[in-house]
Amino acid sequence: TSTRDKMVEEDFDYLGNYDINISYVWRNSNYSNSFSNVSDNESDIPLCNFGGFQAAYTPLHGYLSILVCILGTFFNILNIVVLSHKDMRDNPINLILTGIAVADMLMMVEYIPFTVHMYMMDNKNREREERLGYVWGMVVLFHVNFSLMIHTVSIWLTLSLAVWRYIMIKFHALAVSWCTLRRCKIVLVLGYVVPAFLTLPNYLSLSLTPSPEINTSGENITVWRLQMSNEHLYRINVWFYSCFLKLIPCIILTLVTALLVRAMIQAVKRAQRLRNIGNRSEKRVLIHGEGKRTVSRQKKTDRTTRLLIAILFLFLLTEFPQGVLGFLAAVLDETFFFDCYTPLGELMDMMALINCTINFILYCLMSRLFRTTGRKILGLPAPHSIERPLPSRFTFGLTAVGALQKGTIELGTIGTGEKF
């Protein structure tokens, strides 16, 4: 039996990754069945030999994903609590990071019941009418739409984070008027509202429909399946999601991340020149009279940018392969989709879940302020032997915009007055 035929026979065997609407509906719709009949005359040799990997990994996926989801939910709650603390919440980038943490948490909380149903319950001994019943059908339909929407939120907020940071460190004058807390709140609201409208084609192209069957006992039963209510709209949705909601944002994010890295390299070279200048008056001219304060601020800016680059890099490492595979699945015929894209579904799922979890670890490893604020919330004493108390003249947070609005730092130091 070919890989495609086996997928059609196993009605509820797999629900893919966050592109689940593409994978699941194809295997469980009448259109998928008609394609399978055509493929009977084709070669049984798969285009990609990933079937063995899928068979080996799928039994582990449920337990691993539950563990990651529980840890990730806890970590993201901690992210939200720390980033929304009074020492950090007035800074725009912290606000965007909080929005990303909320999206990641919702994604993982929603994934838990889906995983329990699909991978951890004893499907072999469950009655088919219960396994494919209306209640679980609604759970799956909600998962298809919600996971697509909330994952799109995460993608666009991450892109907003990269653009925002680039403006902060590259265009100081513009950042004063553009990168305000009010504008950041608008971006955050739009980051949640716009994806809900962008994913409307997905809502309209899918429906839960009853399908009469006869069970092994000869009784008439009704099972519920997701169907493509509009094939043309569904095709448009596949292209729209694969290109506009996935691949294009990843390409833009790659370019912005490269610009951030370039800005980092320039900052390091500039700092090296400052260290190599021996003449005190010459140094004073190069740094425009700012002296050691400017050098110190530059180091803090570099540290913040390194953290954000690490976040962006890991995000791209997860999302770019999915975007490329989704685009190829839309461009090429169904053979690539069934033989290459679908068997990697659980793996792409796990990569996305891990990416939703790892930000907390990055904050703890790379952010002094995050650790300090976390200890303050927990009432833990600061390790003075390792980290000295923060000087009051420096601004708290990931960015200096909030402090600039309060008048706590001088105009012209925007983007370089962080304490992170």
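Colleague: Which cysteine sulfur is closest to the sulfur of C184, and how far away is it?

Modeller: The closest one is in C179, at 8.8 Å, which is too far for a bond. A disulfide here is a pair of cysteine sulfur atoms within 2.5 Å. Before going on, note that this is a predicted model: local features need pLDDT of at least 70, side-chain atom pairs count only at pLDDT 80 or more, and totals for chains, interfaces and linings use all residues. Residues are numbered from 1 along each chain as its sequence is written, and side-chain values use heavy atoms, with hydrogens and water left out.

Colleague: How many disulfides does the rule give?

Modeller: A disulfide is a covalent bond between the sulfur atoms of two cysteines. The count here is 1 disulfide. C48 and C340 form this pair, with their sulfur atoms 1.8 Å apart.

Colleague: What is the handedness of the C48 and C340 disulfide?

Modeller: Read the torsion about the S-S bond. For C48 and C340 the torsion is about 80°, so the disulfide is right-handed.

Colleague: Which parts of the chain does the pair tie together?

Modeller: C48 is in the loop between α3 (30–39) and α4 (51–83), while C340 is in helix α14 (residues 334–341), so the bond links parts that are 292 residues apart in sequence. Helices (H or I, at least four residues) and strands (E, at least two) are DSSP runs, numbered from the N terminus.

Colleague: Are C48 and C340 buried or exposed?

Modeller: C48 has 18%, so C48 counts as buried. C340 has 1% and is buried too. C184 is buried at 0%, and C250 is buried at 1%.

Colleague: What does the overall picture look like: how many helices and strands, and what share of residues is buried?

Modeller: The protein has 18 helices and 2 strands. Buried residues make up 53% of the 420 residues. Now take contacts (heavy atoms within 4.5 Å). Among those with a separation of 6 or more, 77% join residues 24 or more positions apart.

Colleague: In which sense do strand β1 and strand β2 pair?

Modeller: Two strands pair if DSSP finds at least two bridges between them. β1 (residues 206–214) and β2 (residues 220–228) pair in the antiparallel sense, over 9 bridges.

Colleague: Which residues does N145 touch?

Modeller: N145 lies in helix α7. Leaving out residues up to four places away in sequence, N145 touches N202, Y203 and L206. L206 falls within β1 (residues 206–214). N145 counts as buried because its relative accessibility is 14%.

Colleague: What about W136 and I112?

Modeller: W136 is also in a helix, α7. Beyond four places in sequence, W136 touches P113, H117, M121, R126, E130 and R131. W136 and M118 are 18 residues apart in sequence and 9.9 Å apart in space, C-alpha to C-alpha. I112 sits in helix α5. I112 is partly exposed, at 26%. With neighbours within four places set aside, I112 is in contact with I66 and C69. V68 is 44 residues from I112 in sequence, and their C-alpha atoms are 9.8 Å apart.

Colleague: How do the lining residues divide by type?

Modeller: The lining has 3 nonpolar, 4 polar and 1 charged. The classes are nonpolar (Ala, Val, Leu, Ile, Met, Phe, Trp, Tyr, Cys and Pro), charged (Asp, Glu, Lys and Arg) and polar (the others, Gly among them).

How values were computed
Buried means under 20% relative accessible area, exposed over 50%, partly exposed in between (1.4 Å probe, protein chains only).
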